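Please open the structure in the viewer and keep the selection panel at hand.

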Amino acid sequence: MQNVCYDIRGPVLKEAKRLEEEGYSIIRLNTGNPAYFGLKAPDEMIHDLIVNMPNAQAYVDSKGIFAARKAIFQNYQPHNLPNLDIDHIFIGNGVSELIVMVMQGLLDAGDEVLIPSPDYPLWTAAASLAGGKPVHYICDEQSEWFPDIEDITSKISAKTKAILLINPNNPTGAVYPRELVEKIVLLAEEHELIIFSDEIYDRILYDDRKHTITATLTDKVPVITFNGLSKNYRACGLRAGWMVITGKKHGIEDYLEGLEILSNMRLCSNVPAQFSIQTALGGYQSIDDLVRPGGRLYKQREACYETLCTIPGISCVKAKGAIYMFPKIDTKKFDIVSDEKFVLDFLREKKVLTVHGGGFNWPKPDHFRIVFLPDDEVIRDVITRLRDFLESYHQGEE
Ligand code: PLP
């Protein structure tokens with residue numbers, strides 16, 4: 001377990017819990033948990049889950065119930081993903097379980113996977129847990145946090161098996177333009193890499209941004225697309241996610257068989273939640289109301305960005321998608337040597353829980369992640385607390 005880290009729920013959270021036990025009220029901005037902030041799943045989804053509860057007591061097909069997988073299939077069908085096949089759709093207990101599964105099935109000791117830095121850290125942890133070697137490629141803050149193609153190229157080796165894209169991105173809020181995704185796909189094709197495309201925020205887009213489904217761009221390499229109910233449908237607690245394997249299947253028959261075995265080994269994923277997948281994907285998409293101007297998520301993003309920009313020593317790239325920003329701290333100004341200590345000090349003094357950049361495999365102590373899920377007034381309050389905190393903060397001084 002030495003290299004297996006998941007600091008989003010690490011030592012700083014432990015301290016937050018201790019403070020809560022002492023009676024303090026902590027604003028928890030450490031996880032992207034929409035329902036916790038009153039951004040609830042559509043009623044219809046919950047209704048259909050309840051109605052189907054009597055049918056949800058038995059184990060089901062380990063890949064998931066047919067109707068849910070068919071709904072996922074039909075959701076992708078209009079986008080013409082090459083070799084889309086219902087047999088290669090797996091439902092999991094959230095995308096999280098599937099991330100562990102795809103790494104476990106793929107990697108032999110020392111095999112490498114290209115993972116963005118910063119990343120959603122479960123990916124790095126899962127690669128390490130499977131005995132593989134996560135190799136981080138840089139996303140460049142100067143160009144809207146886009147992946148640096150030169151850096152990716154320089155890090156491909158004979159041992160590289162796969163490359164991961166997280167688009168829209170956690171923790172940066174970046175949304176990649178089609179041309180950039182095309183360049184990454186081309187690299188994967190040249191080096192015969194499997195592509196993992198984590199698209200769990202694909203409907204959380206601001207300012208009319210368009211999302212590119214990576215899998216639409218190639219039939220020359222295998223692409224595994226990940227999505228689920230947690231974010232677009234605000235239902236993290238239901239634990240329902242899926243992966244869709246498309247593109248070139250020839251040559252990965254053993255991997256597909258391995259994934260089936262791993263899927264069978266956990267019997268099946270949470271059944272009640274599967275009954276809400278068809279309802280979620282079909283019909284009215286209430287997330288669209290939340291992200292358009294005047295919508296709650298849109299207003300919260302504006303509040304977060306505007307208020308962050310008023311703090312001397314903090315700079316930030318505005319999120320174009322998802323529910324996070326990854327601001328930069330002027331480490332010289334505040335004498336910061338440890339980003340974890342910075343978020344810990346902020347938590348202790350102002351009772352706000354955030355996550356340090358290192359928790360996302362960012363190599364320098366100069367970033368932290370903020371989740372803009374609370375109401376805009378709360379966000380303004382939280383960031384004003386940060387401004388007050390930073391007015392006299394110097395880490396060198398104890
Ligand atoms: N992928 C990304 C990029 C995430 O941000 C998260 C959760 O925050 C997950 C996957 C995990 O999602 P799930 O709730 O489906 O396990």
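Begin with helix H4, which passes H8 in a right-handed crossing; a crossing is right-handed if the near helix is turned clockwise from the far one by less than a right angle, and left-handed if anticlockwise. The model is a predicted one, in which local features need pLDDT of at least 70 and side-chain atom pairs count only at pLDDT 80 or more, while totals for chains, interfaces and linings use all residues. Residues are numbered from 1 along each chain as its sequence is written, and side-chain values use heavy atoms, with hydrogens and water left out.

Select H4 together with residues 253-265, helix H8: the two pack at about 130 degrees, with their axes 9 Å apart. Here axes are lines fitted to C-alpha atoms, for helices over the stretch in contact, and angles run from 0 to 180 degrees between N-to-C directions. That angle makes H4 oblique to H8; angles under 35 degrees count as roughly parallel, over 145 as roughly antiparallel, 65 to 115 as roughly perpendicular and the rest as oblique. Helices (H or I, at least four residues) and strands (E, at least two) are DSSP runs, numbered from the N terminus.

Which helix gives the most to the shell around the ligand? It is H4, with three residues. The ligand has 13 residues around it, and Val95, Ser96, Asp198, Tyr201 and Ser230 come nearest; a residue is near if one of its heavy atoms lies within 4 Å. The shell divides into six nonpolar residues, four polar and three charged, where Ala, Val, Leu, Ile, Met, Phe, Trp, Tyr, Cys and Pro count as nonpolar, Asp, Glu, Lys and Arg as charged, and the others, Gly among them, as polar.

Next, display the ligand's N and O atoms.

- At Val95, a polar backbone atom is 2.7 Å from an oxygen atom of the ligand.
- At Asp198, a polar side-chain atom lies 2.6 Å from a nitrogen atom of the ligand.
- At Tyr201, a polar side-chain atom lies 2.6 Å from an oxygen atom of the ligand.

The protein buries 95% of the 390 Å² that the ligand exposes when taken alone (Shrake-Rupley method, 1.4 Å probe).

Now select H12 (residues 296-308) and H15 (residues 376-391), whose axes come within 9 Å and cross at roughly 20 degrees. This makes H12 roughly parallel to H15, and H12 passes H15 in a right-handed crossing.

Move to H1 (residues 11-21) and H14 (residues 339-350), which pack at about 10 degrees with their axes 10 Å apart. H1 and H14 are therefore roughly parallel to each other, and the crossing is right-handed.

Finish with the loops. Ser117 and Pro118 are joined by a cis peptide bond, with omega about 0 degrees; Pro118 sits in the loop between strand S3 (112-117) and helix H5 (122-129). A cis peptide bond also joins Asn167 and Pro168, with omega about -5 degrees, and Pro168 is in the loop between strand S6 (160-166) and helix H7 (178-190). Lastly, select Asn83, in the loop between helix H3 (66-76) and strand S2 (89-92): although not a glycine, Asn83 has a positive phi of about 60 degrees.

Conventions
Polar contact = N/O pair within 3.5 Å; in protein donor to acceptor, adjacent residues only side chain to side chain.
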